[in-house]
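User: Could you take a close look at one part of this model for me, the sheet and what surrounds it? I would like the cut-offs spelled out as you go.

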Amino acid sequence: MLTEITFFERFEHDILMGKKTITLRNEAESHVIPGQILPVSTFETHRWFCDIQVLEVAPITLSELTTLHAQQENMTLAELRLVIAEIYPDLEQLYMIRFKVLTK
Ligand SMILES: CC(=O)Nc1ccn([C@@H]2O[C@H](CO)[C@@H](O)[C@H]2O)c(=O)n1
């Protein structure tokens, strides 16, 4: 089970402002359960910046992504697809983790 999660620094502000409420991860980073509380750090320097509570975990394929997911990422769907293509090239099976920020 995942005991911490990292995000790229460029997403920190959106997460803290409650504008980014989901993340899409690969199978390796999908092992969380609703209710679980996770410390969140930056990927680059591993600086803690908040705790999140997991609200929902659901498998989703790249082709199933909609504008709703993009809204929950505070991006357009085109932007979201680009971001995912950079992070997870050629990966079709993703996992949506929906969360809320607890402590900042
Ligand atoms: C090591 C590693 O994979 N780190 C990741 C992976 C994903 N994400 C974000 O989740 C959404 C969809 O992937 C996008 O907003 C991504 O920026 C992230 O911040 N950091």
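Analyst: Happy to. Two strands count as paired if DSSP finds at least two bridges between them. Helices (H or I, at least four residues) and strands (E, at least two) are DSSP runs, numbered from the N terminus. The model is predicted, so local features need pLDDT of at least 70 and side-chain atom pairs count only at pLDDT 80 or more, while totals for chains, interfaces and linings use all residues. Residues are numbered from 1 along each chain as its sequence is written, and side-chain values use heavy atoms, with hydrogens and water left out.

Let's begin with S3 and its partners. S3 and strand S4 (residues 48-61) pair in the antiparallel sense over five bridges. Within that pairing, Val-40 stands opposite Cys-50 in S4. The hairpin of S3 and S4 has five residues between the strands, and His-46 takes a positive phi near 60° there. S3 (residues 37-42) also runs parallel to S1, joined to S1 by three bridges. Here Val-40 in S3 stands opposite Ile-5, and Ser-41 in S3 is the bridge partner of Thr-6.

Stepping back, the five strands form an open sheet with mixed pairing, in the order S1-S3-S4-S5-S2. Strands S1 (5-7) and S2 (22-25) are the edges, each pairing on one side only. Neighbouring strands are turned by 45° against each other on average, direction ignored (axes are lines fitted to C-alpha atoms, for helices over the stretch in contact, and angles run from 0 to 180 degrees between N-to-C directions).

Leu-102 is found in the segment after strand S5 (93-101). Leu-102 and Cys-50 are 52 residues apart in sequence, yet 7.1 Å apart in space, C-alpha to C-alpha. Leaving out residues up to four places away in sequence, Leu-102 touches Ile-37, Asp-51, Ile-52 and Gln-53, with contact meaning heavy atoms within 4.5 Å. Leu-102 is partly exposed, with a relative accessible area of 37% (buried is under 20%, exposed over 50%, partly exposed in between, with a 1.4 Å probe and protein chains only).

H3 gives the largest share, four residues. By class, that lining has eleven nonpolar, two polar and four charged residues (Ala, Val, Leu, Ile, Met, Phe, Trp, Tyr, Cys and Pro count as nonpolar, Asp, Glu, Lys and Arg as charged, and the others, Gly among them, as polar).
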